[in-house]
Amino acid sequence: MAIYRFRVTFEDYEDIYRDIDMPSKSTFVELHREIHKSTGYQVDASSSFYVSNDQWKKGTEIALMPSQRKIDAGVLLMEDIRLSKFIDDPHQKFYYIYNFDRPYDFHVELVKILKEEEGKEYPAIFKSVGQAPKMVAAANFPVASDDDEDDEYVEEATEEYGVDEDDDYDTMDGDDEDGEEEGQAEFGSVEEDY
């Protein structure tokens with residue numbers, strides 16, 4: 001049986017990753033569980049894998065605990081889909097979003113296809129680099145209050161832009177030829193400045 005070695009990297013923390021060996025007959029829910037076994041995150045959170053291209057553009061969605069809207073739209077379920085069904089490329093990529101309420105985004109890339117080793121148990125974590133960031137609970141987010149004195153107050157200007165009440169407005173009178181020439185000379189010099 002073939003073994004897929006996936007490199008699972010946090011999108012925002014590229015120096016933290018896990019290399020996970022999965023049998024080709026495994027389902028996406030088994031990969032989901034193995035990722036969270038290696039990070040320490042709760043497994044029972046609404047999450048999705050997306051078949052991706054080299055630019056990590058999301059394609060077909062494979063979901064765990066999908067919303068009713070996604071179910072009605074016919075989303076694929078992690079527990080029903082084997083990994084081998086979507087491995088078309090020796091470097092196949094999946095974009096993975098864990099926990100839509102407090103999401104973490106991962107890049108999951110097939111880095112190697114191996115032969116099963118005799119006596120080795122799969123799935124297995126082959127390599128673990130860096131410590132997974134702590135999950136942020138809702139209680140840890142700062143709450144904004146109405147009486148914050150630190151907020152900057154921007155005073156609104158009472159003057160309209162481009163209008164100063166003290167300016168005198170010269171009107172060009174069409175009857176005065178000298179005025180026309182002066183006005184044209186003024187405009188000509190302005191155009192030359194630009």
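Eight strands build an open sheet here, in the order β5-β4-β3-β6-β7-β1-β2-β8, with mixed pairing. β5 (76-77) and β8 (124-129) sit at the edges with a single partner strand each, so one side of each has no neighbour in the sheet. This is a predicted model: local features need pLDDT of at least 70, side-chain atom pairs count only at pLDDT 80 or more, and totals for chains, interfaces and linings use all residues. Residues are numbered from 1 along each chain as its sequence is written, and side-chain values use heavy atoms, leaving out hydrogens and water.

**Reading the terms**
- Helices (H or I, at least four residues) and strands (E, at least two) are DSSP runs, numbered from the N terminus.
- Strands count as paired if DSSP finds at least two bridges between them.

**Strands β1 and β2**
- β1 (residues 2-10) and β2 (residues 13-23) run antiparallel, joined by 8 bridges.
- Arg5 has Asp21 in β2 as its bridge partner.

**Around β6**

**What's covered**
- β6 is mostly covered, with 6 of its 6 residues buried (under 20% relative accessible area, 1.4 Å probe, protein chains only).
- Lys93, Tyr95 and Ile97 point one way from β6, while Phe94, Tyr96 and Tyr98 point the other way.

Terms used. Buried means under 20% relative accessible area, exposed over 50%, partly exposed in between (1.4 Å probe, protein chains only).
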